[in-house]
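Subject: A structure for you to look at

Hi there,

Here is the structure I promised to pass on. Have a look at it first, and then read my notes below.

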Amino acid sequence: MTAQTPAATQLTNDEFDDLIDRINAHHQETLAAITAGQPKPAPFVLPEGFDGGSNDYTDLPQDSIDAFATSRENNAAHANGQTGHISSISEDFKNQKMSGDAFDDQIDKQKKDNIDKFTDDQNATADKLKASGHAHPEKQNRIVQAFKDAGEWIVNNLWGAVKDFFDKLAAQIEQWWNQVVNWFNGAVDSLKNWWHGLFG
């Protein structure tokens with residue numbers, strides 16, 4: 001007889017809000033560490049009964065689905081919206097119209113802006129998910145799981161990848177400067193494809 005995973009305990013609204021806030025803080029801490037080139041914090045561990053569940057989130061309440069969709073679009077728009085600026089400064093650096101220090105300064109400003117925009121988006125998403133969870137207490141555990149999964153993917157596979165691309169761009173400008181637009185388009189497509197697989 002196989003042992004069954006114990007069901008997650010039903011959260012109170014205060015416990016649910018606290019868990020959403022802690023996941024949000026962990027996402028932001030992780031992105032800050034990645035951007036600074038420091039070790040990431042240990043993975044966020046959900047309470048017993050959460051991990052190992054299905055990652056199909058098409059059964060979430062519509063207001064949660066809408067909150068996640070807005071988050072996806074915000075992050076996608078911000079990623080794609082910087083391509084023109086990055087292409088321009090990369091071309092100037094490649095053609096020696098901009099010093100290495102000035103280029104690094106522009107990239108550092110963009111990294112900070114990416115963190116700020118991600119932080120704003122996650123705070124707004126967290127507030128919407130709290131409201132959704134209060135209205136649909138039976139779905140709170142699934143909302144928590146979805147927020148953890150979605151934020152982790154965005155941090156690691158979008159903004160972490162953007163940081164890595166910036167590092168590669170600075171180190172190999174001759175090879176990479178003309179790939180900026182295609183790279184960001186591909187990153188956004190990956191985000192949307194992953195998202196549709198989970199949220200429909």
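**What I found**

The accessible surface of the protein chain is about 10,100 Å², and 48% of that belongs to carbon and sulfur atoms (areas come from the Shrake-Rupley method with a 1.4 Å probe; for residues, only the protein chains shown count as cover). Please keep in mind that this is a predicted model, where local features need pLDDT of at least 70 and side-chain atom pairs count only at pLDDT 80 or more, while totals for chains, interfaces and linings use all residues. Residues are numbered from 1 along each chain as its sequence is written, and side-chain values use heavy atoms, leaving out hydrogens and water.

The protein chain has 7 helices and 0 strands (DSSP runs numbered from the N terminus: H or I of at least four residues for helices, E of at least two for strands). Its C-alpha atoms fill a box of roughly 65 × 35 × 30 Å along the principal axes.

Of the 200 residues, 43% count as buried (under 20% relative accessible area; exposed is over 50%, and partly exposed is in between, with a 1.4 Å probe and protein chains only). The largest nonpolar core holds 50 residues, and Phe 68, Val 144 and Phe 199 touch the most other members. Such a core is a set of buried Ala, Val, Leu, Ile, Met, Phe, Trp, Tyr and Cys residues joined through side-chain atoms within 4.5 Å.

Which helix gives the largest share of this core? That is helix 5, with 14 residues. Helix 5 also has a kink of about 30 degrees, centred on Gly 160 (the bend at a residue is the angle between axes fitted to the seven residues ending there and the seven starting there).

Now for the aromatic rings: the whole structure has 12 aromatic pairs. Rings of Phe, Tyr and Trp (its six-membered ring) pair if their centres lie within 6.5 Å; planes under 30 degrees apart count as stacked, over 60 as edge-to-face and the rest as tilted. Phe 165 and Trp 183 are stacked, because their ring centres are 4.5 Å apart and their planes are at 15 degrees. Phe 165 lies in helix 5 and Trp 183 in helix 7, so this pair ties together parts 18 residues apart in sequence. Phe 165 counts as buried at 2% relative accessibility, whereas Trp 183, at 22%, counts as partly exposed. Phe 166 and Phe 184 are tilted, with centres 6.4 Å apart and planes at 50 degrees; both are buried.

Enjoy exploring!

Best wishes
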